[in-house]
Amino acid sequence: MRSDIIIIGGGAAGLVAAVGAAQVLSQSQNGGTVTVLEKMPKAGRKVMITGKGRCNFTNVKVWQDFSAHIRTDVNFVSPAWHNLTPQNVIQLFKSNGMPSVVERGDRAYPTSHMAGDVVDTLLRACTLAGVKVVTDCEVKTIDVTPRGFSLDCVQTTRKQVREREELTIEPVEYNCSKLIIATGGLSYPGTGSTGDGYMWAEELGHSVASCYPSLTALVPVGYKESTPLAGEIKQAFRGKTVYGKVKERKIAPLPKWYPTFEKHIERVTPMSDLGELFNGNNLDNVQLTLMVNGQDVQQEFGDIEFTDGGLEGPLGFMVSRKAVKALNEGQKVAVSIDLKPAVELEKLDADVHQKWEEVINDDRSKGQSFQRLFRIMLGKFIPWNITLAFLKTNPKVSVDTLAATMKDWRLDIAGFVGFERCVITAGGISTAEITAKTLESKKQPGLYFAGEVLDMDCDTGGYNLQMAFSTGYLAGQSAAKAL
């Protein structure tokens, strides 16, 4: 089968790349065809779980403010962003039937607050543009040919027979003039992100920066029942049954960009009693400081969520990139939470002593233990449900030291949740080997890259999806213009 442009990966970047390419081809004299190959049964699997199913699909900040949330080379992604701005993205969705709403922090959501609407709209845009989206089609190998690229694939056909699903698996070959790799990173492998794009990039002459989890849960010391070292991560690229001419990929040593993590703690590791005290609690409008080897390296203001994974929420995610990197390098990592960032220490200390006098002089306090009264007083400053976690991690706190402790609640970090549940992958294909204005490879003409597969990541808040859309759109347009 032949298509003028083939895009590997039916996620956010891949689907928008297809729309961008098809729009350009529809205006050209010769036209052309665009095909998306997605190995999962449905496209957009990762988009479906974005923003806890609500899908914060972009952030409408102007470039100067938006770019402050990009954690990699800002200059590289600038042409893509300006080619498809957040307002352009909102208009793209609106023109295909999906209205949106902008909420706190300049975050845009579908009006329905349903991630499924984002995926449906992207697929509708592809259909209207004449794009062919092929699901259950896994690319096994990529070869360069005189006319472009040849892809050996495995196509799965699903058929419902009575109460069970029967699968037919057959080899199929695709050929194209221009190829766009938009396969995502390594995060949430259950959605299809297993690092295939990195493997192909290396085979086609590209360098891949070491990958590690970002926007992930940090696990405080004692949060889990046990925190064993994860050891060597299993090889992600295993050889599979060979059908017809599909080439077998044998199990090989882990690539250099796929590191092992000594501080990786599986999310499914059971929580300890301490973790149970934390789990389900939120802290709003607090200040979080990341400390590496005792030095402050990052400070953020906002909200924290404690989950079955560990310390998450906007603040946990924002500091996780540096925390994971430091942990991987064997450094000591801790966080300090200022529960009352808007109140000076002296004022808070006076408030504590005043509240303590009120509590102990209350008629209802008669006969109550010191521990009970202290917790009642503490509950006047922080959410009641998290008071036990606070006290267990600060066993020596007293009335005289409470204010200082609330301004500097220290939690040592034992490790982090890995690719199994991180939001994005940091690292990836080196952007130094890609032309920023077109996203075409400098190593292999006709080859383009888009989305998370690139060494490109941002903070949480709609920034990563926006960059997936922007790079996808630019890559698609560039490939079509080059036909």
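This is a predicted model: local features need pLDDT of at least 70, side-chain atom pairs count only at pLDDT 80 or more; totals for chains, interfaces and linings use all residues.
**A loop contact and the helices beyond it**

Leaving aside neighbours within four places in sequence, Thr-135 is in contact with Glu-38, Met-40, Pro-41, Lys-42, Ala-43 and Gln-155. Thr-135 sits in the loop that joins β6 (132-134) to β7 (137-145), and it is partly exposed, with a relative accessible area of 26%.

Apart from neighbours within four places in sequence, Ala-43 is in contact with Gly-10, Leu-15, Glu-38, Val-119, Leu-123 and Thr-135. Glu-165, by comparison, is 122 residues from Ala-43 in sequence and 19 Å from it in space, C-alpha to C-alpha.

Helix α1 (residues 12-26) leads on to helix α14 (residues 463-481), for the axes of the two come within 7 Å and cross at roughly 35 degrees, in a right-handed sense. On the α1 side the contact includes Ala-13, Val-16, Ala-17, Gly-20 and Val-24, while on the α14 side it includes Ala-468, Phe-469, Gly-472, Tyr-473 and Gly-476. The residues of this contact divide into 12 nonpolar, 5 polar and 1 charged. As for α14 itself, 18 of its 19 residues are buried, so the helix is largely enclosed by the rest of the structure. Its end C-alpha atoms are 27 Å apart, which agrees with the 27 Å that 19 residues should span at 1.5 Å a residue.

A further group of helices is arranged around α11 (residues 370-378), in which Leu-373, Phe-374, Arg-375, Met-377 and Leu-378 are buried. What covers these buried residues includes α10 (345-360), α12 (387-393) and α13 (402-407). Helix α10 has 16 residues and reaches 23 Å from its first C-alpha to its last, close to the 22 Å expected at 1.5 Å a residue. Within α10, Leu-348, Val-352, Trp-356 and Val-359 are buried, and because they cover an arc of only 80 degrees around the axis, they lie on the same side of the helix. The buried residues of α10 pack against α11 and α13.

Most residues other than glycine have a negative phi. Lys-52, however, has a phi near 55 degrees, a positive value in a residue other than glycine, and Asn-293 likewise has a positive value, near 50 degrees. Lys-52 is placed in the loop between α2 (45-48) and β3 (58-59), where it is exposed, with a relative accessible area of 68%. Asn-293 is placed in the loop between β12 (282-292) and β13 (295-306), and at 46% relative accessibility it counts as partly exposed.

Methods: Residues are numbered from 1 along each chain as its sequence is written. Side-chain values use heavy atoms; hydrogens and water are left out. Buried means under 20% relative accessible area, exposed over 50%, partly exposed in between (1.4 Å probe, protein chains only). Helices (H or I, at least four residues) and strands (E, at least two) are DSSP runs, numbered from the N terminus. Contact means heavy atoms within 4.5 Å. The expected span of a helix is 1.5 Å times one less than its number of residues. The arc is that of the directions from the helix axis to the C-beta atoms. Axes are lines fitted to C-alpha atoms, for helices over the stretch in contact, and angles run from 0 to 180 degrees between N-to-C directions. A crossing is left-handed if the near helix is turned anticlockwise from the far one by less than a right angle, and right-handed if clockwise. Ala, Val, Leu, Ile, Met, Phe, Trp, Tyr, Cys and Pro count as nonpolar, Asp, Glu, Lys and Arg as charged, and the others, Gly among them, as polar.
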